[in-house]
Amino acid sequence: VDEIKLSSELDQNFMCVLSNFVSGELVDITRNRQLPYLRDYFTSIPLKERENTLVFISDMYEAYDTICRSFFPKAIHVIDLFHVLTQLTNAVNRIRTRVMNSYAEKGSPIYNFMKAHWECFLCRLNKIPDKFYTYKKTGEMFHYDDMVFKCIKTNETLWTGYNTLQELFKYSSCSDYEDALNFIHRIVTKLQNSHDEILISVAKTYHAWRYEIANGLAKSQRVFKYTNAIAEVNNSHLKTILKAAYGYRSFARFRKRAL
């Protein structure tokens with residue numbers, strides 16, 4: 001389950017896109033992702049058919065949680081890891097900006113690097129470019145790895161956020177549900193102990209969705225992880241249709257074209 005923007009009209013602002021995880025097929029599109037529209041749609045589907053759904057994958061939108069519990073009694077709810085990472089990535093980026101702006105000397109190497117190479121603080125450790133940063137005022141050269149380490153160790157909150165993000169990137173070490181749940185608990189505790197409102201807010205979100213996140217981190221009985229990748233691929237195709245047509249005013253026409 002995912003959403004895509006159709007138009008600025010209130011009743012078709014964000015549509016709900018339903019995809020089949022196994023086949024990758026587009027199942028259907030609802031006019032709106034808001035709870036009343038979703039209730040009407042899923043009520044029209046017989047319970048026997050809905051009971052065939054065993055896994056319900058979505059982002060952290062409250063309406064999806066309500067729909068999963070109310071209409072899919074045999075399904076486990078999975079929160080896609082991409083949305084989990086996005087929560088912490090955005091938080092780390094906000095902290096990076098705050099630390100960067102705290103430097104009185106705007107032209108220092110740390111300030112310049114944090115401003116120009118912000119993506120190095122939000123990616124996996126092994127994705128940091130293997131090259132050197134040159135400070136133009138003095139001609140000094142620093143490896144990107146060294147500069148990232150030098151920047152994050154100047155602030156304890158940034159250090160905590162960055163290292164927690166790297167832990168999340170290594171989520172594959174969680175082999176089963178209990179391990180995944182314990183992992184989320186450790187992450188939440190670490191963020192709460194930072195005493196920073198930005199990281200504490202992320203911790204509260206993770207704690208509220210801890211069971212659904214653990215379902216996404218844990219390997220299934222078929223030894224693979226459930227993700228929203230299929231839905232994102234279908235969304236990409238739908239956006240191409242919208243772009244080619246310069247947008248649609250009618251939801252019904254767009255739905256027919258998409259299906």
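Reader: Where does Y246 lie?
Author: Y246 lies in the loop between α11 and α12 (251-258), the elements being DSSP runs numbered from the N terminus (helices H or I, at least four residues; strands E, at least two). The model is predicted, local features need pLDDT of at least 70 and side-chain atom pairs pLDDT 80 or more, while totals for chains, interfaces and linings use all residues. Residues are numbered from 1 along each chain as its sequence is written, and side-chain values use heavy atoms, with hydrogens and water left out.

Reader: What makes Y246 count as exposed?
Author: Its relative accessibility is 79%, and exposed means over 50% (buried is under 20%, partly exposed in between; 1.4 Å probe, protein chains only). Y246 therefore counts as exposed.

Reader: What is noted about the phi of Y246?
Author: Phi of Y246 is near 55°, a positive value in a residue other than glycine. Most residues other than glycine have a negative phi. H195, likewise not a glycine, has a positive phi of about 60°. H195 is found in the loop between α8 (177-192) and α9 (197-208), and its relative accessibility of 68% makes H195 exposed.

Reader: Why is the pair of F42 and F72 called edge-to-face?
Author: Rings of Phe, Tyr and Trp (its six-membered ring) pair if their centres lie within 6.5 Å, with planes under 30 degrees apart stacked, over 60 edge-to-face and the rest tilted. The search of the whole structure finds 10 aromatic pairs. One of them joins Y41 and F42, edge-to-face at 5.1 Å centre to centre with 85° between the planes. For F42 and F72 the centres are 5.3 Å apart and the planes stand at 80°, so this pair is edge-to-face. F42 belongs to helix α1 (residues 35-43) and F72 to the loop between α3 (62-71) and β5 (76-79), so the pair ties together parts 30 residues apart in sequence. F42 is buried at 5% relative accessible area, and F72 is buried at 7%. Ring pairs link Y41, F42, F56, F71 and F72 into a cluster.

Reader: How do you know that the charged end of K5 sits over the ring of F14?
Author: The test asks for NZ of Lys or CZ of Arg within 6 Å of the ring centre and within 35 degrees of the ring normal. The charged end of K5 sits over the ring of F14 at 5.3 Å from its centre. The charged end of R33 also sits over the ring of F14, 5.4 Å from its centre.
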